[in-house]
Amino acid sequence: MDALSLLLNRRSLPKLMEPAPQGEELENIFRAGLRAPDHAALTPWRFIVSHGEGMQRLADILVEAAKADGAEPAVVEKAAKAPYRAPMVITVVAKVTEHDKVPVIEQHLSAGCAVQAMQMAAVAQGFSGYWRTGKWAYHPVVREALGVQGDDLIAGFLYLGTPGCREAKVFERDLTQFVEYL
Ligand SMILES: Cc1cc2nc3c(=O)[nH]c(=O)nc-3n(C[C@H](O)[C@H](O)[C@H](O)COP(=O)(O)O)c2cc1C
């Protein structure tokens, strides 16, 4: 797949199956994340991989968060199942460093770019992904369990796996609605 086709046609896939990327393919995904634009080379990224037993650990954290909210049993059950929508979830965290010239928002944006790059790298290698946050990304119990502190941000849970359904068509969008020239 050439780079422009990837950029123009990428879709997110909600149904993702085994196998998840492993070995060199997974390393390529991390390396793509590490190529995110990065003001002042602060490397504001952490990639926390859940796969195999790690999926249950992530599910347990979400359940703990739901229970801390006093959630209904149905919500707790949904939280328990949430990670299993794919065989692998990479939690991408913006790890913020205080800096005179690089505000927190730029470091958050950089982590967002990392998520996008990692999803692209997955697609380029025959896998697919889905970027999710939901309320769990901002929940204090989840943040604490994953060591996300202060201005750090869970930029996304990147669900990864092998396509388990056909991709939806790419929306045709009218450029004139989005593009302005000064
Ligand atoms: C920061 C961020 C958080 C997102 N969180 C969710 C989410 O929690 N649940 C969801 O269904 N989609 C979420 N999305 C959107 C999907 O990742 C996806 O982009 C959307 O479903 C459109 O599909 P497409 O990527 O194929 O165009 C999020 C996107 C971004 C950028």
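Does Phe178 count as buried or exposed? Phe178 counts as exposed, because its relative accessibility is 58%; the classes are buried under 20% relative accessible area, exposed over 50% and partly exposed in between, with a 1.4 Å probe and protein chains only.

1. Basis of the note. This is a predicted model, in which local features need pLDDT of at least 70 and side-chain atom pairs count only at pLDDT 80 or more, while totals for chains, interfaces and linings use all residues. Residues are numbered from 1 along each chain as its sequence is written, and side-chain values use heavy atoms, with hydrogens and water left out.

2. Ser12 places a side-chain N or O atom 2.5 Å from an oxygen atom of the ligand. For Tyr130, a polar side-chain atom is 2.9 Å from a ligand oxygen, whereas Trp131 has a backbone N or O atom 2.7 Å from an oxygen atom of the ligand. The ligand taken alone exposes 620 Å², of which the protein buries 58%; these accessible areas come from the Shrake-Rupley method with a 1.4 Å probe, and for residues only the protein chains shown count as cover. A polar contact is a pair of N or O atoms within 3.5 Å; within protein, one must be able to donate a hydrogen and the other to accept it, and residues adjacent in sequence count only if both atoms are side-chain atoms.

3. Nonpolar surface patch. Leu175, Phe178, Val179 and Tyr181 make a nonpolar surface patch of about 540 Å². Patches consist of residues with over 30% relative accessible area and no salt bridge, with nonpolar side chains (Val, Leu, Ile, Met, Phe, Trp, Tyr) joined within 5 Å and like charges within 9 Å. Phe178 is found in the segment after strand E5 (153-163); helices (H or I, at least four residues) and strands (E, at least two) are DSSP runs, numbered from the N terminus.

4. The whole structure contains 3 salt bridges, each being a side-chain nitrogen of Lys or Arg within 4 Å of a carboxyl oxygen of Asp or Glu. Arg31 pairs with Glu27, with the closest N and O atoms 3.5 Å apart. About one helical turn separates Arg31 and Glu27, because they are 4 residues apart in helix H2 (residues 23-33). Glu27 is partly exposed at 41% relative accessibility. Glu77 and Lys81 form another salt bridge, with 3.1 Å between the closest N and O atoms; they are 4 residues apart in helix H4 (residues 73-81), and therefore about one helical turn apart. Glu77 is partly exposed at 46%, and Lys81 is exposed at 51%.

5. A salt bridge between loops. Asp152 and Lys95 meet through their side chains in a salt bridge of 3.2 Å, N to O. Asp152 lies in the loop between helix H6 (140-145) and E5, and Lys95 in the loop between strand E3 (88-94) and helix H5 (104-124), so the pair ties together parts that are 57 residues apart in sequence. Asp152 is buried, with a relative accessible area of 5%, while Lys95 is partly exposed at 34%.

6. Backbone details. Glu18 and Pro19 are joined by a cis peptide bond with omega of about -5°; Pro19 is in the loop between strand E1 (16-17) and H2. In the loop between H2 and strand E2 (45-51) lies Ala41, a residue other than glycine whose phi is positive, near 50°. Ala41 is exposed, at 60% relative accessible area. Thr43, in the loop between H2 and E2, has a positive phi of about 45° although it is not a glycine, and is partly exposed at 48%.
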